[in-house]
Amino acid sequence: MDRRVLFGLLLFLCLFRMQGQEGKSNFSVGFNYGFGSEFNNRNYTFTNHFYKAQLCYRLKETRNFQYEILVQPEVNFGAHQLLNFYFVKPEEPDYIEKRARYVQLKDVHEYVLNIGFLIRKPISERFSFYLLASIGPMITDTETERMSEGFAFADVLAVGFSAKVQRFQFDIRPCVRHVSNAGLGSSNAGYNTKNIEFGVSCSL
C-alpha cells in the first residue's frame, strides 16, 4: 500500500514538473525601472522616473520571430514646470492667476495600466532584440497647463535588447512616451518624453 502511494506521488510530481516546464516557455514575470525627460522645447520641463511590474505571455513563436503580449502596472513620478507663461492664453478664465500657479515646479504622480504587444527577433540562443508598443489608461493627480487632473492615456513605443541567463532575462529598453487625455479634459496638450528602462524577468 505504501509503495502504491509513493508511486502515485512520484507520478504526480513528474506530471506536475512536465506541465511546469511547458509553462516556462510562455509566461514570465518581471520588474522594470526607468527614467527620462521631455524632448527639448521652450514651453515646459518634465522629468520622470517610474517603476513597472510586468507579466508577459508568449503568444506564438515562428522560425524567425516571437510574438508576446504584456501587462505592465506602472507608477510614474514626474516633476513639471511651465517655462513659457504665454502658453496660457488671455482668453482663458483667470489666466493671470493660472500663469502664476503653473510656473511653479509641481510633482506629478501617474498610475498606469500598460497593455502592450511585442515582436522579438532572436539573434542567438541567448540574445534578442524587439519592438514594443503599448497603450494604457492612467490616472494623474495633478492639473497643469498641459493636462487636466484625472483620467488619461499613456502611449509607449520602444526598442529593446535582451540577454537570457538560465531562467532570467535582462532588458534595456529606450522608448518614447506620449501622455494625453484624448480630449476628455479641458487641457489636453499632454507630455512627450524620451525614457530608458532597465528590467529583469523570470520564466515561470
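Biologist: Happy to start with the cysteines: is Cys175 buried or exposed?

Modeller: This is a predicted model, in which local features need pLDDT of at least 70 and side-chain atom pairs count only at pLDDT 80 or more, while totals for chains, interfaces and linings use all residues. Residues are numbered from 1 along each chain as its sequence is written, and side-chain values use heavy atoms, with hydrogens and water left out. Buried means under 20% relative accessible area, exposed over 50%, and partly exposed in between (1.4 Å probe, protein chains only). With a relative accessible area of 6%, Cys175 is therefore buried.

Biologist: And how does Cys202 count, buried or exposed?

Modeller: The relative accessibility of Cys202 is 17%. Since the limit is under 20%, Cys202 counts as buried.

Biologist: How many disulfides are there?

Modeller: A disulfide is a covalent bond between the sulfur atoms of two cysteines. The search takes a pair of cysteine sulfur atoms within 2.5 Å as a disulfide. Over the whole structure, the number found is zero.

Biologist: Which residue stands opposite Gln72 in E4?

Modeller: Two strands pair if DSSP finds at least two bridges between them. Strand E3 (residues 66-82) and strand E4 (residues 106-122) do this over 15 bridges, in the antiparallel sense. Opposite Gln72, E4 places Asn114.

Biologist: What is the bridge partner of Ile115 in E5?

Modeller: E4 and strand E5 (residues 127-140) run antiparallel and are joined by 11 bridges. A hairpin of four residues leads from E4 to E5. In E5, the partner of Ile115 is Ile135.

Biologist: Turning to the rings, which residues do ring pairs link into a cluster?

Modeller: Rings of Phe, Tyr and Trp (its six-membered ring) pair if their centres lie within 6.5 Å; planes under 30 degrees apart count as stacked, over 60 as edge-to-face and the rest as tilted. The structure holds 12 aromatic pairs. The cluster linked by ring pairs is made of Phe31, Tyr33, Phe35, Tyr51, Phe77 and Phe198.

Biologist: Which ring does the charged end of Lys121 sit over?

Modeller: A charge sits over a ring if NZ of Lys or CZ of Arg is within 6 Å of the ring centre and within 35 degrees of the ring normal. Lys194 lies over the face of Phe39 at 5.5 Å from the ring centre. For Lys121, the distance to the centre is 5.4 Å, and the ring belongs to Phe65.

Biologist: What is the phi of Asp94?

Modeller: Most residues other than glycine have a negative phi. Asp94 lies in the loop between E3 and helix H2 (95-102), and at 58% relative accessibility it counts as exposed. Its phi is positive, near 55°.

Biologist: Where is Gln166, and what is its relative accessible area?

Modeller: Gln166 is in the loop between strand E6 (150-165) and strand E7 (168-180). Although Gln166 is not a glycine, it has a positive phi of about 55°. Gln166 is exposed, with a relative accessible area of 75%.

Biologist: Last one: which residues does Leu82 touch?

Modeller: Leu82 lies in strand E3 and, at 3% relative accessibility, counts as buried. Contact means heavy atoms within 4.5 Å. Not counting residues up to four places away in sequence, Leu82 touches Asn43, Tyr44, Phe87, Val88, Tyr102, Val103 and Glu145.

Terms used: Helix = DSSP H or I, 4+ residues; strand = E, 2+ residues; numbered from the N terminus.
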